[in-house]
Amino acid sequence: MKRTFLFNAILIVAFNSVNAQQSANPKDTEAWTPVPKIVSFQNTPADAIILFNGGNLNQWLTVKDKSAAKWTVKDNIFTVNKGTGNIETKQSFLNYQLHIEWLIPANITGSGQARGNSGLFLASTGTGDSGYELQLLDSYNNSTYSNGQAGSIYKQAIPLVNASKKPGEWQSYDIVWTAPVFNDNGSLKTAARVTVLHNGILIQNNVEIKGETVYIGAPFYKKHGPSPIKLQDHGDPSEPISFRNIWIREL
């Protein structure tokens, strides 16, 4: 008897559900606003801010003294000028999509962390290496600790795969960055998150950031707002790396 009652109840629920769907208006679940903005894509999206297109470093400055960026521009690329210090964008950003192309030189020497080392700081929060670092490194047949190889969120998140090309070939990062949100008292409300594609391959999938990058110890958060994007003059003795075609879309 109980089984018969339960079966009949299931049939009634299913029947009512079907009837409700048939009597409902499909327009009830159609959203017509907001209408997504039309954006064309050729070399860069039409709504992108160009941070470097081969001409100059006018969108960048030297971090330590806010003077003009002193890295070398030649043949539509720019190269780390070792000893001149980190550079960062003049403009600050919150949430964004970023595209950047980078080159480990074919004549690279050294090993481990001393082989084409640099860093892309997704938000620069002060002088030196303050901020959140996505590692740049030659990780093509170059062994180092996994959370320090190319594509790692340095000392935090190991990339899902190693998508590195060999030295002498251009590589790309495509990044979606969601900045952290802080309470009025400076405490963390929501952590930063990041998705990274390396050469078109997903290597960081909406990863939660534990805090700002530190070389020794645990990452931490400190309150900040919109921040510049920073590139690192690492200081290792290997040959300097180069960059081209950098653009950003604010989200």
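**View 1. The largest cavity.** About 50 Å³ of space lies in this cavity (volume is what probe spheres fill when set on grid points joined across faces, edges and corners). A cavity here is a set of points on a 1 Å grid over the protein atoms alone where a 1.4 Å probe fits but cannot get out; lining residues have an atom within 4 Å of a point. The model is a predicted one, with local features needing pLDDT of at least 70 and side-chain atom pairs 80 or more, while totals for chains, interfaces and linings use all residues. Numbering starts from 1 along each chain as its sequence is written, and side-chain values use heavy atoms, leaving out hydrogens and water. Of the 14 lining residues, V80, K82, N117, S118 and I241 sit nearest the centre.

**View 2. D47 meets R249.** These two make a salt bridge, with the closest N and O atoms 2.8 Å apart (the rule: a side-chain nitrogen of Lys or Arg within 4 Å of a carboxyl oxygen of Asp or Glu). D47 is partly exposed at 26% relative accessibility, whereas R249 is buried at 19% (buried is under 20% relative accessible area, exposed over 50%, partly exposed in between, with a 1.4 Å probe and protein chains only).

**View 3. K66 meets E88.** Here the salt bridge spans 2.9 Å, N to O. E88 is buried, at 5% relative accessible area.

**View 4. D236 meets K82.** This salt bridge comes in at 3.6 Å, N to O. D236 is buried at 6%, but K82 is partly exposed at 31%.

Conventions:
On a 1 Å grid over the protein atoms alone, a cavity is a set of points where a 1.4 Å probe fits but cannot get out, and a pocket is an open set with protein on both sides within 12 Å along at least five of seven lines; lining residues have an atom within 4 Å of a point.
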